[in-house]
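The stops below each begin with something to select.

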Amino acid sequence: MWKEEINGIGERFAEAYSIPKDVVANATLLHMIGKSEIFLENFKGIISYTCHEILVKGHDCKYCISGNGLMIAYYSNEDMKISGQIQEVKIIRG
Amino acid sequence: MQNKWTWYVKGYLTIRLHGDYVERFFNMCRMHDIFLWNIKKEEKDFYCSIAAKDYFETIPLLKKTKTRANVIHKNGIPFYVPFMKKRVLFFMSLILCLAMLYLVTDYIWAIEFIGNLQISNEELEDFLEEEHIFYGMKKEALDCEATEKRLRSCFPIVTWTSIYFEGTKLYVEVKENEKTEPVIEEIQGTNLVATEAGTITSIITRNGVPKVKIGDVVEIGQVLVDGSVPIYDEAQSIIDYQIYNADADVTIQTQMTYREQLERTHPLIQYTGNEHKSIFMEAFGYHIESPVLGRGFQGCERITQKHQVCLLENLYLPIYYGNICEKEYHLQYLEYSEEEMKNLLNDNFEKFILCLHEKGVQIIEKNVKIKKYNKGMELNANLSVIKPTGEEVEITEIIPGTDKKE
């Protein structure tokens with residue numbers, strides 16, 4: 001509960017001072033190009049990986065990317081790129 | 001992220017991973033700043049690419065996550081070093097060849113003229129020679145724009161020109177004035193002088209003052225039409241001279257001689273049918289020719305076909321190749337009969353007469369004699385002809401005319 005409140009304050013602060021929200025609220029940045037490429041930044045790591053589903057751990061939630069022939073084009077300390085036939089991007093809270 | 005070529009230069013591995021905690025291994029790699037790419041899963045195994053130098057750093061992580069790794073493929077230049085070590089000479093010559101190619105492409109090795117119809121290739125070649133543009137010169141040394149300007153000023157008929165390179169070839173592209181309007185010449189002032197000695201038979205003056213009349217006997221170099229026209233005042237005395245280019249149709253009756261000797265014995269080339277073919281190569285002033293067995297014809301005709309090496313359409317190199325064909329012949333000396341000699345001399349004389357007719361020369365009288373001499377026969381002809389005369393010569397001094405207008 002208190003985490004959400006802090007995030008709320010952070011978001012308002014970011015809006016007020018025009019600062020990127022992902023920096024202030026420590027949020028994961030997802031950048032999708034069409035339906036075949038997705039870039040992720042500011043995440044914690046991979047929880048599971050199959051060619052149909054990739055589960056990525058964010059700071060306060062999980063991101064489930066499902067599709068066909070999913071492949072991690074690169075995986076580095078800063079970001080990662082997933083390519084393949086993406087069908088669904090799901091946020092799992094908690 | 002570094003690009004594909006950087007990884008290729010540094011060397012990278014394609015590995016297969018198997019285990020229950022491979023995702024954890026990926027996360028640990030990430031925490032240790034080990035870059036992974038092309039991660040994919042096929043059945044139970046994971047495949048990924050990793051930099052060769054990072055692979056040894058992953059060994060403790062593999063142990064910790066109980067993951068088994070197999071190297072599937074080694075890629076990149078570092079893995080070719082042992083292969084290259086065994087073939088040092090090959091790679092050295094390859095590098096040398098590339099270096100030579102790089103050096104050679106800085107020079108001009110071919111020149112082509114485009115669009116010249118009235119100006120001949122030889123004239124353009126002469127112009128380039130004057131401009132010190134030649135095969136084998138450095139491209140940098142050529143100032144295309146300045147040369148274009150000079151080309152336009154040198155050939156007034158050229159309305160547009162472009163000098164450019166494609167590979168090692170220099171293109172000289174010109175556009176000539178298609179309308180054949182006569183170029184207005186600046187009046188410099190010229191006299192018309194006689195080119196032969198003889199008697200004037202007709203004179204029609206367009207410009208200038210005629211200095212001779214029909215029936216006058218003239219010498220070579222004598223002024224026929226004067227380009228300086230006197231201007232008279234009201235008292236009919238000369239106050240000044242106006243300078244023109246003298247122009248007139250003048251014909252002169254003069255004598256011409258024709259003499260031709262024909263020797264009785266004449267050589268005739270007879271091919272034996274023996275021929276030798278060889279190939280050759282030329283580079284940087286060196287000529288290498290394939291040896292031919294039995295070479296050594298005393299008399300032979302040599303036909304050479306030469307080609308320049310050209311890469312990728314326009315990259316001409318200073319290397320030439322081709323073939324040489326030598327055909328053996330013997331010289332056989334034959335003798336003409338008197339009849340043949342007479343016919344030949346007469347034929348040649350007829351051709352000469354025809355040539356004179358084409359030039360507008362009218363023959364009034366001809367005296368032809370054929371006589372024998374110790375080696376053969378000769379034809380002597382004296383012709384009395386009426387032909388156009390007059391050559392433009394620049395006015396150096398004004399010939400004083402009469403003070404009073406006639």
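Which residues form one aromatic cluster with A:Tyr74? Select B:Trp7, B:Tyr12, B:Phe35 and B:Trp37, which make up the cluster together with A:Tyr74.

Before going on, some conventions. This is a predicted model, in which local features need pLDDT of at least 70 and side-chain atom pairs count only at pLDDT 80 or more, while totals for chains, interfaces and linings use all residues. Residues are numbered from 1 along each chain as its sequence is written, chains are lettered from A and ligands numbered from 1 in the order in which they are written, and side-chain values use heavy atoms, with hydrogens and water left out.

**Aromatic pairs**

Rings of Phe, Tyr and Trp (its six-membered ring) pair if their centres lie within 6.5 Å; planes under 30 degrees apart are stacked, over 60 edge-to-face, and the rest tilted. The count over all chains is 21 aromatic pairs. Select B:Phe26 and B:Phe46: their ring centres are 5.7 Å apart and their planes stand at 80 degrees, so this pair is edge-to-face. B:Phe26 sits in helix 2 and B:Phe46 in strand 3 of chain B, 20 residues apart. Helices (H or I, at least four residues) and strands (E, at least two) are DSSP runs, numbered from the N terminus. B:Phe26 is buried at 0% relative accessibility, and B:Phe46 is buried at 3%. Buried means under 20% relative accessible area, exposed over 50%, and partly exposed in between (1.4 Å probe, protein chains only).

**Helix 8 of chain B**

Select residues 144–154 of chain B. The buried residues here are B:Cys144, B:Thr147, B:Glu148 and B:Leu151. On the face turned away from the buried side, find the exposed residues B:Glu145, B:Lys149 and B:Ser153. Helix 7, strand 6 and strand 7 of chain B are among the elements covering the buried residues.

**A sheet in chain B**

Next, show the open sheet of five strands, ordered 11-9-15-21-20 with antiparallel pairing. Two strands pair if DSSP finds at least two bridges between them. At the edges are strand 11 (217–218) and strand 20 (362–373), each pairing on one side only. Strand 20 is joined to strand 21 (residues 376–389) by eleven bridges. For a point on strand 21, select B:Ala381, which stands opposite B:Val368.

Definitions and conventions:
Contact means heavy atoms within 4.5 Å.
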